Amino acid sequence: MSLEIAISIVMTLVIAATPILLAGLGELVVEKSGVLNLGVEGMMLVGAVAGFITASLTGFTPAGYAAAALAGLCASLLFGVLALTIGANQVATGLALTIFGTGLSSLAGAGFVGTTIARLPALFPQSIAGHPILRLAFGYDVIVYLSIALTLAAAWFLNHTRSGLILRCVGESDVSAHAIGYPVTAIRYLAVAFGGALAGLAGAYYSLAVTPMWADRITAGRGWIALALVVFSSWRPWRLLLGAYIFGAVMTLELYSKAAGFALLPPEMLAMLPYLATVVALAVIAMRPSRGRLDAPRCLGKTFRAGA
Amino acid sequence: MAAILDRRTVLAGAGAIAALPHLRARALAADPLKVGFLYVGPVGDFGYTHAHDVARKKTQDFYGEKIKTNYVENVPEGPDAERVLRQLAQEGNALIFATSFGFMNATAKVAKALPKVYFEHATGYMRGPNLATYNARFYEGRAVIGTIAGMMSKTGVGGYVASFPIPEVVMGINCFTLAARKVNPKFQTKVLWLSTWYDPAKEADAAKALADQGADIITQHTDSPAPLQVCEQKGLYGFGQASDMSSIAPKAHLTAIVDNWAPYYIGRVKAVMDGTWKTGDTWWGLKQDTVQIAPYNPAMPDNVKKAADDVKSAIIAGTLHPVTGPITDNKGTPRLKDGEKATDEMLEKMDWYVEGVQS
């Protein structure tokens, strides 16, 4: 395998990993606060279509990303009202959000099918972004670097700040957090909104960068991979980063190896690999003698009502 | 309890359907004929499903208030299709088009259970008294774009983003490769199977992988325009699938195989209205205008345009069959003798690749 192809593979896998990292990171923070939002796919699609429409009408791609984050945030607030304020079942609400988001994006994007927009250019000047070797590290758009920076920021926030501690506390024991006087529902709203904004951004990465066009269901189920990734990471941002790149590598390498003529696995296996990897990771984590649990936040998915 | 309720509902539904034809005969003048469509992808895929939906709209426009068309999109191939088919029948659709190969078993089963409803299954081979099949000879279009690919490719390597190894896709790959090798005997087709009809990001990555392996012209048998977009970005050439996709990739898009199902749908609806509907297998192609070749990219040299036009008119005239011997498969086994033409039956069951296909 030539160096050029190796670099091309790495660059493809980074692009494949970036949106699932973004969506997964958002969901990780949401789940750390004790909320399970299965609406990632729906929020991604809402973000994808809002981003595409905005970029298409304004001709300014960054505005697309901003609109996408905002749209994802709004979609997540819908989840918040139903699951946090009214106290509806989180699993059902999340699934409903996915169905809603899929339909809404399809409706909103109907007039934009078959159109395309300009991608964001690479963040760094062409002299290094276009360099045959340096492009490996500098050849991406700003979202790729943003996704990594946000992962670092989230790791620092969750583990080294007081606010992060409170967020984790809300996720581990909502009743205790409430007893101490923390506004559990408000904190969860913030986490859900953050998750929604990142899911929107992740969706827009598909419609604005990976395949800059609008087509229905453009994310094609990546939201579920992001959800699997959160479990795979056992709720740790660092592992999420690693996992996203492993998932990206698995998806990319298989295509490249086949194109090169080595069929490592039948194509049906390729489609299930990310999920298989999650199952394996779960099994490995669960089998470790020192920690017999999966590190899931204790209150994950439980409805909280103050005074209940 | 739940099971009983379910059965009761189903029985009630079946009863309603059994009563349907009489109702229909009586109410034909007043009530519009309901026609249902089952789609595997979203109508906004800009590809295969989009083409079916364009035809549905044309059919609706053609008959106006005399018919009412309905569709269900994103139906998974498998058991779920059966549920949706039954639901469409219960809603009173007297004629139902199941538009993807993977709906075959479900359609056959439901057709048997509901003998008074007319079913039409695209690209399959199971038929019954109330179940007809229809298909388009897309492979004829593949021969046209294969000719273009063979002449336009500098590396002599074509990339083929493929979905599932079913005969429909296999015959497309073979015809593309045969036509390309006719103009460039060294032409090779690299095929990448994705196990999906629709996943834009994966289709794009597959196109990138093929391009990195030396393919400088890429075609696809998946439904989104994503591979074309990769061609546009990398300065390669590609072809539209099912719809004219030149708006997505104006430079890369050389032409497209356009599916035009409208004449068939309009005809079948008329047959139901007249009471002349019969089962059968319809396989139309370039000649009947079911398969169309989109306008050529202006950047295509005139000799390539002419060669493509020649192949197209020879197929329409019946003087050229895209699969004509001598043909040896890619494992060295002779398949067709010199001058022997592939029969429709052979095409419908094709599970081998011609020389030059790397799969």
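Helices here are DSSP runs of H or I with at least four residues, strands are runs of E with at least two, and both are numbered from the N terminus. This is a predicted model, so local features need pLDDT of at least 70 and side-chain atom pairs count only at pLDDT 80 or more, while totals for chains, interfaces and linings use all residues. Residues are numbered from 1 along each chain as its sequence is written, and chains are lettered from A and ligands numbered from 1 in the order in which they are written.

Let's start with one helix in chain B. Helix α2(B) covers residues 48-63, which makes 16 residues. From its first C-alpha to its last it reaches 23 Å, close to the 22 Å expected at 1.5 Å a residue (the expected span is 1.5 Å times one less than the number of residues). Which residues of α2(B) are buried? They are B:Y48, B:T49, B:H50, B:A51, B:H52, B:D53, B:A55, B:R56 and B:T59. A residue is called buried if 20 or more other C-beta atoms lie within 10 Å of its own, exposed if 12 or fewer do, and partly exposed in between, with C-beta atoms placed from the backbone.

Chain B holds an open sheet of seven strands in the order β12-β10-β9-β8-β6-β7-β15, and the pairing is mixed. Two strands pair if DSSP finds at least two bridges between them. At the edges sit β12 (291-293) and β15 (357-358) of chain B, each pairing on one side only. Helix α5 (residues 138-152) of chain B packs on this sheet and touches β6, β8, β9, β10 and β12 of chain B. The direction of α5 makes about 175 degrees with that of β10(B); axes are lines fitted to C-alpha atoms, for helices over the stretch in contact, and angles run from 0 to 180 degrees between N-to-C directions. Inside the sheet, β6 (residues 157-162) and β8 (residues 217-221) of chain B run parallel and share five bridges. Across this pair, B:G158 stands opposite B:I217 in β8(B).

Now for the domains. Chain B is divided into domain 1 (2-136) and domain 2 (138-258 + 291-358), with bounds that come from an automatic or database domain assignment. The C-alpha centres of these two domains of chain B lie 32 Å apart. Their contact takes 13 residues from domain 1 of chain B and 14 residues from domain 2 of chain B; two residues are in contact if their C-beta atoms, placed from the backbone, lie within 7 Å. On the domain 1 side, α2(B) gives the most, with four residues.

What about the nonpolar core? The largest one has 200 residues, a core being a set of buried Ala, Val, Leu, Ile, Met, Phe, Trp, Tyr and Cys residues joined through C-beta atoms within 7 Å. The residues with the most contacts inside this core are A:L201, A:Y205, A:L229, B:L38, B:L85, B:I96 and B:L192. Helix α10 (residues 184-210) of chain A supplies the largest share, 16 residues. Domain 1 and domain 2 of chain B both give residues to this core, so it lies between them. Leaving aside neighbours within four places in sequence, A:Y205 is in contact with A:T18, A:P19, A:L22, A:I143 and A:V210.

The two chains also meet, through 32 residues from chain A and 29 residues from chain B. On the chain A side, α1 (3-32), α4 (90-109), α10, α12 (237-259) and α13 (267-287) each supply at least two residues. The largest share of that side, five residues, comes from α12(A).

The peptide bond from B:G325 to B:P326 is cis, with omega near 5 degrees, and B:P326 lies in the loop between α10 (302-317) and β13 (327-328) of chain B. B:A242 is not a glycine, yet its phi is positive, near 75 degrees. This residue is found in strand β9 of chain B. Why is B:A242 classed as buried? Because 23 other C-beta atoms lie within 10 Å of B:A242.
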